[in-house]
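Keep the viewer open and try each task before reading its solution.

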Amino acid sequence: MLRATSGPRDRLLSAPGTPGADCIVLDGVTKRFDAMAWPALDEVSLSIPQGQFFTVIGPSGAGKSTLLRVLAGISRPDSGRVSVFGEPPEQASRAKHLGWVPQSPALLPWRSVIDNVRLPLQVNRGAKCEARDPEELLARLNLSHARDMLPAHLSGGMRQRVAIARAFAFRPRLLLMDEPFGALDEMTREHVAHLLLELWQAEKPTVIFVTHSVGEAVLLSDTVAVIGRGRLSPSVGIDLGRPRPEGIEDSQGFHQLTASLRAQLRRAFSDAGG
Amino acid sequence: MRTAELLRPSRWLPTAVAAAVVLGAWQLVATSTTAVLPTLGSIWSAFTGNAGTLFANAGDTLEEALPGLAGSYVVAVLLAVVMSQSRMLTRALLPLAIALNVSPVIAFAPPLTVFLGLGQMPRVVLAAIITFFPSLINAIVGLASADRGAVEVFETLHASRWETLWRLRLPASLPYLFAAARISAPLSIVGATVAEMVLGGVNVGLGRQIQTWSSYAELNLAWAGIAVLAFFGLLITGIVVALESWVLKARGFR
Ligand SMILES: Nc1ncnc2c1ncn2[C@@H]1O[C@H](COP(=O)(O)OP(=O)(O)OP(=O)(O)O)[C@@H](O)[C@H]1O
Ligand SMILES: [Mg+2]
């Protein structure tokens, strides 16, 4: 059921010829924090082909957010190399290739829903990016009726959908999502996850998604990697066809996959001593 | 906050009871030992008999307090913005601001008159100095208060410093800018009043009059003057609070 890392799904965006231009590469990335007994990231090596939905799963404090921050160029690794489609993360963010969905929706309270979604189009205008129609994005995420509302008046699920719309608004090539559904109840989680899937399916940007939830990882991903104490275990492919309709969570195949991923998680932990 | 809510007894009753207790205690002390406090009745008649003088002088005091407040508020916010953009400047300027805050500001008053004269100007300056620090600190905290996730969104978009300031940090600091105004506004009246008392100078302003009345043992009038100042302190605080709750609501903070 679980197979080795799946092959690249090429999109014809990257410049051919540049090594690593069609994937995200981490090579021996280590990041330490003073107060910690072990590195937050310990020699992490990873290659994610363009267009893949890649999920990192692991317990609290495992280094998931640190990994995303290093990929986004928000934090610099102590050693090792990070390459986003052949360029360093700083370059990728300058070119507006990075979408960021933090754990809290982090909407601007004074901006209406539509203006929050437009925000990425209003900053760093020097970088040319193909903007999407924000109205169409809202419609796809069932937010059209909330277009002019302020975030304070939205439910948690709606806010998180706005954060997703904002991240998709400028067609980033790499989407980094840090437990975006962490604060939502289970039913809302499932609903928003399926909306995200639909949106992703249409364009297939590369996604690196962080979660605590095995079910979410299986539902969304092409590939899942387990992280514990800063160490990444080998990734496993999720052989579940696409598109993945609502209700797939109840299928036999889905249950088998979650069960074997759980087993994998347990094994990773007994190995890491975590 | 809606008016209907303000009218509910659970909102106003505690305040009313506390005020009644204080006034009752006052009256008790005043009637038993007339030397310490005048009775409420005699303060009231001093007030009604001299309302014109009291309000004219209160107006003079506000003429000193409010420009001082506005000037220092604008400078404090601008300085906080500048400091938010440069760690070097923060390191250079913040200790100076702290030194200003811990020094006995009233002691600046006499030297101030030396080059600002005996008019109302030194009082304006003192009101400005006394309100400066609370405004500055609140503005600094406010500019650093933007949601961390939102800062990261701006960072990953490679937004410029200016874009981050203008579209994120400044608007996010609004609740703190209101807090600054809420603290500084009544403080400016204190500053102006104290300056009038310490500096002497031109014979206008309630602080100046209270001092004179006290020295002539016109305690009824002095207390009436104090009450008028307290009223204006409450009034401008109330205006700021009302504005704050309205604007913060409209801007989605509440
Ligand atoms: N800026 C920092 N300074 C010091 N320690 C840090 C810093 N950022 C992260 N850490 C530490 O690094 C470790 C990994 O943190 P990280 O935020 O990556 O965990 P996580 O897997 O995202 O956890 P969670 O699921 O709780 O979000 C933690 O022990 C954390 O305390
Ligand atoms: Mg985290």
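**Exercise 1.** Describe the accessible surface of chain A and what supplies it.

Solution. Start with the total: chain A exposes about 11200 Å² (Shrake-Rupley method, 1.4 Å probe). Then turn to burial: 56% of the 274 residues count as buried, meaning under 20% relative accessible area with a 1.4 Å probe and protein chains only as cover.

A word on conventions: this is a predicted model, where local features need pLDDT of at least 70 and side-chain atom pairs count only at pLDDT 80 or more, while totals for chains, interfaces and linings use all residues. Residues are numbered from 1 along each chain as its sequence is written, chains are lettered from A and ligands numbered from 1 in the order in which they are written, and side-chain values use heavy atoms, leaving out hydrogens and water.

**Exercise 2.** Find which residues make polar contacts with oxygen atoms of ligand 1.

Solution. Begin with the shell: 13 residues surround ligand 1 (a heavy atom within 4 Å), and A:Ser60 and A:Thr66 are among the closest. Now look for polar contacts, pairs of N or O atoms within 3.5 Å. A polar backbone atom of A:Gly61 is 2.8 Å from a ligand oxygen, and a polar side-chain atom of A:Lys64 also lies 2.8 Å from one. For A:His212, a side-chain N or O atom is 3.0 Å from an oxygen of ligand 1. Finally, check the cover: alone, ligand 1 exposes 630 Å², and the protein buries 61% of that.

Methods:
Polar contact = N/O pair within 3.5 Å; in protein donor to acceptor, adjacent residues only side chain to side chain. Buried < 20%, exposed > 50% of the residue type's maximum accessible area, 1.4 Å probe, protein only.
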